[in-house]
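Dear colleague,

Please find the structure below. My notes on it follow, and I would be grateful if you could read them alongside the coordinates.

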Amino acid sequence: MNTSAEPMTASPLVSVGSGESRTSKAKDKVKMSAEDVKVFYGNAQAINGIHLDIYENEVLAFIGPSGCGKSTFLRCLNRMNDTIDICRVEGKITLDKNDIYAPDRDVVLLRAQVGIVFQKPNPFPKSIYENIAYGPRLHGLARRKAELDDIVESSLRRAGLWDEVKDRLDQPGTGLSGGQQQRLCIARTVAVSPDVILMDEPCSALDPIATAKVEQLIDELSESYTIVMVTHNMQQAARVADRTAFFHLGDLVEVDSTDQIFTNPKDQRTHDYITGRFG
Amino acid sequence: MSITIEQRRQHRLMTIEKSLAKRHRQEKRFRRTGLAAVVTGMTLVAILFVSILIRGVPAFWQATIFVDVYFDPDVIQLEEKPQKVSGESQSAFEERYAAWQSQAGLVNWQALIDSALEDAIGDEVESRQLRDLRALVSSSERFALRNRFVEDPSLLGQTVELKMLASANVDVWIKGNIDRNLDDSRQQLSAQTRAWADQLYDDGIIKNAFSTALFLNTDSRSSPASAGLAGAFMGSLFMMMVVIMLSVPLGVASAIYLEEFAPKNRLTDLIEININNLAAVPSIVFGLLGASIFIGYLGLPLSAPLVGGLVLTLMTLPTIIIATRASLRSIPPSIRQAALGIGASRVQTVFHHVLPLALPGILTGSILGVAQALGETAPLLLIGMNAFVANVPGTPLEQSTALPVQIYLWQGNELRNFFEARTSAAIIVLLGLMLSLNALAIWLRKKFETRW
């Protein structure tokens, strides 16, 4: 945590080496931990026994070829896989040392603590204000209208969207541009004040400028949140992640500081992937 | 000399061109067939509507006699209408009033009508011609006259211009729905009555006036001219209320459960297949089911709109469930994930986000299901709703008939040349109701439609 006050000025096209300063803050306190996690879709095994620790206030990126199980694993972290009938999870995942798959664990509370942002921006077909206010209202986080207004404003500010939308909070969120919609979705997640934010390829549907804005936002958010993101874009992982995990065919092949993964991978498969031999 | 590359190219192009002509012909043929199918369909629908309108619209105007009726004190020999006196109990008063009413029923009201018609014709009518005279006017009018007097006894000694329905046969004669050149033995009216009818029509005493009877009266066998749709309309209304109150909540709730909450296993698969099959079951089978369960086993009354409504509910449920499920399925999963992702429970996700978006589709499906039930006839025949009922039902438990059944009954009436038009008029009323329900469905869909 000692370097968390340091401004994260990672610009979009910063080189791999800039991960250096960011890695130093990691290895602090374990926020979430996965022990021998296996995921099955019906009889097909999608994840083969993954062990992984996620540290507080780090940005952890999952990379790997399509179908390697990185999104599946991400969705295990706040039990979004529960909604898929044929999906079965084995092993143990903890949040602050509490098993999130324990029978008495309330999944609603878990998702308030571990928020998620999806690949495709999916604002509710309601006003911008309602998009943000829905979560806090749902969880009873604001007692009065003024409190709710404050949450909406601060969430939009955190997402860097306030100045763009403050005059049209009553307009539909679906009327915003793709990049704005994605930042609206991030603001919506932030409004519930989770500890961890999961991002499933948050920039894959965005143009380069919107991508740069979201990446900058991730950087800023990492001061207060633990962020786990899936990305197909290796430059993006290099730009924003403290640590990077490489997935291949349902296995977690290698996880290390972003720096190490991109300059000196230990596994041949990681090396082949980052140098573009397959993927 | 071998073939050059250029020659090959030419040959290839020619081959494609040849096949091109064939492909274009095929496309044109398909388009023409499609267009012909649409035109044929539209023409048939147009013919149907036009023929119903041509036959039915004249029935909304009915031969009506406008005459001055003198409430002759010599004929109406009645005590004064009882008034409640102080110290009299309610039951004693009611008894006195009922006695007075039955006295009023014994008055020869027909005599008042006879003399009014006599005046209108302007000629002395011999007593042997009285039958011919009375054939002019609907037999229901003497009761109408009585009711009018019972309402307002101060009419005694006064002359009032009244409009009375001409008899059904006079209506047929005046509208030319019977061949006027047929000889006497094959006419429905005597030569004298026909002559009088023509005379009164020429004098403007018999006119084609808008038929309120069609809307305000119930069916009638003794006086076909006064037969109306009021009873059937109320019966249909009660049935629709039962159908809407039962099938919409039940159907929507089961669809939401099956689509959003039920586990996907063999049991739910079986239920889904059965619901789809139920939608295809012939409606008359539901009538049999209703007759044996609701009437035979539960002992509910025969011919009651409640039973009709229950049967139609069974018939409509699968339609509503299928429409609602399709509507729920059309909501993108990203909306559900968004709500779940910020910690909404499944119920909150469905009720806050999915249901409001699916509402237009659900409403449309429900209204179309209800409209289908409104036009259903076959199952109602099996639970006794084809009975002749001369009262407007006051509750869903009273005997009644329904609009489509009334159409069926009138269609089979032996007084063909009068009821043919009446039947078409009833069809117009039913179609009007259907079209307004469909218009409501379209309006609701437009109103609640959200784009995302």
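In which loop of chain A is S193(A) found? S193(A) is found in the loop between α7 (178–190) and β7 (196–200) of chain A; here helices (H or I, at least four residues) and strands (E, at least two) are DSSP runs, numbered from the N terminus.

Some conventions come first. This is a predicted model, in which local features need pLDDT of at least 70 and side-chain atom pairs count only at pLDDT 80 or more, while totals for chains, interfaces and linings use all residues. Residues are numbered from 1 along each chain as its sequence is written, and chains are lettered from A and ligands numbered from 1 in the order in which they are written.

Chain A

Chain A contains 11 helices and 10 strands. Of its 279 residues, 46% count as buried; a residue is buried if 20 or more other C-beta atoms lie within 10 Å of its own, exposed if 12 or fewer, and partly exposed in between, with C-beta atoms placed from the backbone. Among the contacts in chain A with a separation of 6 or more, 70% are between residues 24 or more positions apart; two residues are in contact if their C-beta atoms, placed from the backbone, lie within 7 Å.

S193(A) has a phi near 50°, a positive value in a residue other than glycine. Because 18 other C-beta atoms lie within 10 Å, S193(A) is partly exposed.

Q235(A) lies in helix α9 (residues 234–240) of chain A. Q235(A) counts as partly exposed because it has 15 C-beta neighbours inside 10 Å. From Q235(A) to Y101(A) there are 134 residues in sequence and 34 Å in space, C-alpha to C-alpha.

The contact between the chains

Chain B gives 17 residues to the contact and chain A gives 20 residues. On the side of chain B that touches chain A, α13 (333–341) and α14 (346–374) of chain B are the elements that give two or more residues. The largest share of that side, 6 residues, comes from α13(B). By class, the side of chain B that touches chain A has 8 nonpolar, 8 polar and 1 charged residues, where Ala, Val, Leu, Ile, Met, Phe, Trp, Tyr, Cys and Pro count as nonpolar, Asp, Glu, Lys and Arg as charged, and the others, Gly among them, as polar.

Domains of chain B

Chain B is divided into domain 1 (5–58), domain 2 (60–221) and domain 3 (230–448), with bounds that come from an automatic or database domain assignment. The centres of domain 2 and domain 3 of chain B, taken over C-alpha atoms, are separated by 43 Å. In the contact of these two domains, 14 residues of domain 2 of chain B meet 12 residues of domain 3 of chain B. On the domain 2 side, α6 (168–175) and α8 (213–216) of chain B each supply at least two residues. That side divides into 7 nonpolar, 4 polar and 3 charged residues.

Helix α3 (residues 109–121) of chain B has 13 residues and reaches 19 Å from its first C-alpha to its last, close to the 18 Å expected at 1.5 Å a residue; the expected span is 1.5 Å times one less than the number of residues. The buried residues of α3(B) include W109(B), L112(B) and I113(B), and the buried residues of this helix pack against β1 (61–70), α4 (130–134) and α5 (141–151) of chain B. Just after α3(B), G122(B) takes a positive phi of about 75°.

α3(B) and α5(B) pack at an angle of about 110°, with their axes 9 Å apart; axes are lines fitted to C-alpha atoms, for helices over the stretch in contact, and angles run from 0 to 180 degrees between N-to-C directions. That makes α3(B) roughly perpendicular to α5(B), a term for angles of 65 to 115 degrees, with under 35 degrees roughly parallel, over 145 roughly antiparallel and the rest oblique. W109(B), Q110(B), L112(B) and I113(B) in α3(B) meet E141(B), R142(B), L145(B) and R146(B) in α5(B).

The 33 residues of helix α17 (residues 416–448) of chain B should span 48 Å at 1.5 Å a residue, and the end C-alpha atoms are 47 Å apart, which agrees. The buried residues of α17(B) include F418(B), F419(B) and R422(B). Those buried residues pack against α1 (5–56), α6, α8 and α16 (403–411) of chain B.

Yours sincerely
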